[in-house]
Amino acid sequence: MAFFMSYPMFAFVNVYHQEPKFCDIPQINQNISIYLATYSIILYFIPSLLLISIYWKIVRYVRRYIQPINVSSVGRRESRRRKLMKVLTIITISDVIITLPFFAAIMTIAISRQSQKQIRQFNSTYFALVFFSFTTAAVISIVNPILLLWLDRDVNTASKAIITKSFHRRRQRSQMANLFNNQQPRYPIIFVNTNA
């Protein structure tokens, strides 16, 4: 869905002759404005509301859920329950906060119908905010995995095991390849000249 929503952007985005490295939407008409507003609503506002709603329901369920009592594992379960609620809360908040500037900038451009270049000419501070907000959209794909690795010990342990296993497999393949490449043939190969 994200691909199909982002694909029309290729038709709108262009560069200026004076600044060939500056990507922008030079002319924002009503159709582009509607597209940008729809883009923000479908790819940010609706998913963010769903994410908050679903994670809130999970946290409420985990808080209320009472498992059959097994005295030896009650403390461990309670600790895991709290950790799960903490992880879900932090990831949800970070996702919403980190991506908010990007979609707020898109909505601002859609409502004002001003390109980034026009915003830069109007106010350099606003332009800086819009420009740096675009980087925050990419940051979330880096931040969420780091948060998961940092906050959830099970994910951290599983990730380390996968990385270690793949590293060992690569090393074994490399050693096997070197062994076969450096191996001398057991029997000498003798070429016979039949033309003589």
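Biologist: How many residues does helix 6 have, and what does it reach from its first C-alpha to its last?

Modeller: Keep in mind that this is a predicted model, where local features need pLDDT of at least 70, side-chain atom pairs count only at pLDDT 80 or more, and totals for chains, interfaces and linings use all residues. Residues are numbered from 1 along each chain as its sequence is written, and side-chain values use heavy atoms, leaving out hydrogens and water. Helices here are DSSP runs (H or I, at least four residues; strands are E, at least two), numbered from the N terminus. Helix 6 covers residues 124–151, and its span is close to the 40 Å expected at 1.5 Å a residue, where the expected span is 1.5 Å times one less than the number of residues; so the helix has 28 residues and reaches 38 Å.

Biologist: Where does helix 6 bend?

Modeller: Picture axes fitted to the seven residues ending at a residue and the seven starting there; the bend is the angle between them. In helix 6 that angle is about 35°, and the place is Val139.

Biologist: Okay, which residue caps the N-terminal end of helix 6?

Modeller: Look for a side-chain oxygen that lies 2.8 Å from the backbone nitrogen of Thr125. That oxygen belongs to Asn123.

Biologist: Is Ile119 buried or exposed?

Modeller: Ile119 lies in helix 5. Buried means under 20% relative accessible area, exposed over 50%, and partly exposed in between (1.4 Å probe, protein chains only). Ile119 has a relative accessible area of 6%, so the label is buried.

Biologist: Which side chains meet in a salt bridge?

Modeller: A salt bridge needs a side-chain nitrogen of Lys or Arg within 4 Å of a carboxyl oxygen of Asp or Glu, and the structure holds one. Its N to O distance is 2.7 Å, and the partners are Arg120 and Glu19.

Biologist: How many residues apart are Arg120 and Glu19?

Modeller: Arg120 is partly exposed at 28% relative accessible area, and Glu19 is partly exposed at 24%. Arg120 sits in helix 5 (residues 116–122), while Glu19 is in the loop between strand 1 (14–15) and strand 2 (23–24). The pair links distant parts of the chain, and the separation is 101 residues.

Conventions:
Polar contact = N/O pair within 3.5 Å; in protein donor to acceptor, adjacent residues only side chain to side chain.
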